[in-house]
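Reader: I have just opened this structure and would like to learn how to read it. Could you take me through a few features, one at a time?

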Amino acid sequence: MADPKGFLTHDRELPARRPVDVRIRDWREVYEDFPKPALTKQAARCMDCGIPFCHNGCPLGNLIPEWNDLVYRDDWREAIERLHATNNFPEFTGRLCPAPCEAACVLGINSDPVAIKRVEVEIIDRAFSEGWVTPQPPEAKTGKRVAVVGSGPAGLAAAQQLTRAGHDVVVFERADRIGGLLRYGIPEFKMEKRHVDRRLEQMEAEGTEFRTGVNVGVDVTVAELREEFDAIVLAGGATAWRDLPVPGRDLKGVYQAMEYLPPANRDMAASPISAEGRHVVVIGGGDTGADCIGTAIRQGAASVTQLEIMPQPPAARPDSQPWPTYPMLFKMESAHEELEAGAGDRVYAVSTTEFLGDEDGDVRALRLVEVEGPASGFRQVPGSEREIPAELVTLAMGFVGPEKGPLLTDLAALASREFFDPRGNVARGTSYETAVDGVFAAGDMGRGQSLIVWAIAEGRSAAAAVDEYLTGRTALPVAIPPTARSLV
């Protein structure tokens with residue numbers, strides 16, 4: 001513990017966001033630089049607890065007290081070594097993870113938790129700027145070939161671990177560029193894609209091969225994949241989105257969030273689906289909904305309204321969600337700040353009942369009704385119906401599991417037992433193996449919709465299982481079993 005009084009003498013502090021009227025004119029990340037003295041103070045707030053519950057909050061098992069202490073002591077080179085020991089991609093988690101580690105921070109019992117994410121980001125950004133992040137090719141090759149299907153965080157983590165173990169790894173991605181949702185689902189203002197690109201350069205230098213524009217199951221059959229490779233890792237994510245089957249759903253201008261965000265991320269200046277001059281409604285109050293808000297504002301929307309069926313969350317941790325669980329709290333993300341600074345609003349405890357169209361078949365408004373719930377089953381409040389203008393609607397209501405396309409249906413036909421679990425995800429055994437020999441599943445495809453830290457943790461763990469399957473032993477770390485769940 002570098003500073004025994006740090007948590008008493010320093011308050012929690014985060015870098016300032018760029019002014020709203022400035023940042024909505026570009027697509028760069030919203031945060032300003034964080035001065036080194038301020039960061040040192042934040043690292044000093046870590047108490048180096050006897051039982052650091054931040055380890056339990058994070059499925060990666062990040063050695064948080066250790067690298068906080070190293071940052072305080074100005075030993076950045078060792079700090080990145082400790083950070084990379086458990087996390088392949090801290091530049092992703094530090095920007096995108098909602099930080100269950102901070103929710104589990106012991107200091108958070110009666111004070112503000114340590115700014116763990118900010119310290120993490122500064123460590124990895126410093127390491128890249130100093131040239132400390134270099135390729136780590138294997139010392140020897142095994143001659144075994146592994147296919148990884150999907151290039152999101154789970155697939156990339158599995159691929160990097162397996163490549164470093166000496167296997168020949170090929171990552172298949174059906175999009176035109178590598179990265180999965182990191183590439184086309186996350187807007188630039190949350191994470192600039194240069195962070196993805198520089199990590200991919202490292203992986204290519206280590207020997208990982210990437211093949212884009214390949215829809216496995218269609219362009220390459222399951223039989224061909226099994227013929228060419230000794231093992232397969234399924235890491236395609238939970239990309240089957242939840243729909244809203246109400247009257248008017250087929251009107252033009254009503255899109256799924258993942259129909260709206262990828263084109264905007266491909267071409268920020270000229271997306272084929274633009275909010276410019278339109279009244280936009282975002283249905284869904286999570287992170288994806290916030291991404292739609294920030295994107296629509298930058299495209300020049302006339303107004304943006306976010307609808308959420310749940311009541312407004314509390315500002316402080318409720319008794320029903322005690323420490324160290326991850327509480328559902330009212331959040332003010334950068335996009336929400338931009339929403340409130342302009343012509344926008346967040347509306348809670350409402351349900352959409354109908355989309356209304358004009359004579360050309362374009363959506364022009366939606367009908368909503370107030371609801372009581374969830375304890376009452378979201379009972380509609382009589383007399384609360386109303387219309388709001390809606391010329392572009394995005395559905396950001398989450399995902400229900402992996403797509404049941406040719407890849408999974410063909411594998412299911414080969415399965416020795418049930419290929420899917422009761423929730424429709426790919427069923428796994430204790431070592432991430434599926435019901436098809438030599439085929440493993442990691443990330444949301446097996447877990448269901450989850451967080452980026454869980455995806456990376458599963459990718460690392462599945463890699464260890466594959467390595468042992470191919471060679472009879474493994475030195476790769478196992479972060480979590482597939483049955484692990486978040487603190488509740």
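Reader: At what angle do the axes of helix α10 and helix α12 cross?

Author: Before the angle, a word on the source. This is a predicted model, in which local features need pLDDT of at least 70 and side-chain atom pairs count only at pLDDT 80 or more, while totals for chains, interfaces and linings use all residues. Residues are numbered from 1 along each chain as its sequence is written, and side-chain values use heavy atoms, with hydrogens and water left out.

Author: Helices are DSSP runs (H or I, at least four residues), as strands are (E, at least two), numbered from the N terminus. Axes are lines fitted to C-alpha atoms, for helices over the stretch in contact, and angles run from 0 to 180 degrees between N-to-C directions. Here, α10 (residues 153-164) and α12 (residues 194-206) cross at roughly 30°, and their axes come within 10 Å.

Reader: What word describes how α10 and α12 lie to each other?

Author: Angles under 35 degrees count as roughly parallel, over 145 as roughly antiparallel, 65 to 115 as roughly perpendicular and the rest as oblique. The helices α10 and α12 are therefore roughly parallel to each other.

Reader: Which residues of α10 and α12 meet?

Author: Contact means heavy atoms within 4.5 Å. From α10 come L156, A159, Q160, T163 and R164, and they meet L200, Q202, M203 and E206 of α12.

Reader: How do α15 and α16 pack?

Author: Helix α15 (residues 287-298) packs against helix α16 (residues 334-341) at about 50°, with the axes 8 Å apart. That makes α15 oblique to α16. In α15, A290, I293, G294, I297 and R298 meet A335, H336, E338 and L339 of α16.
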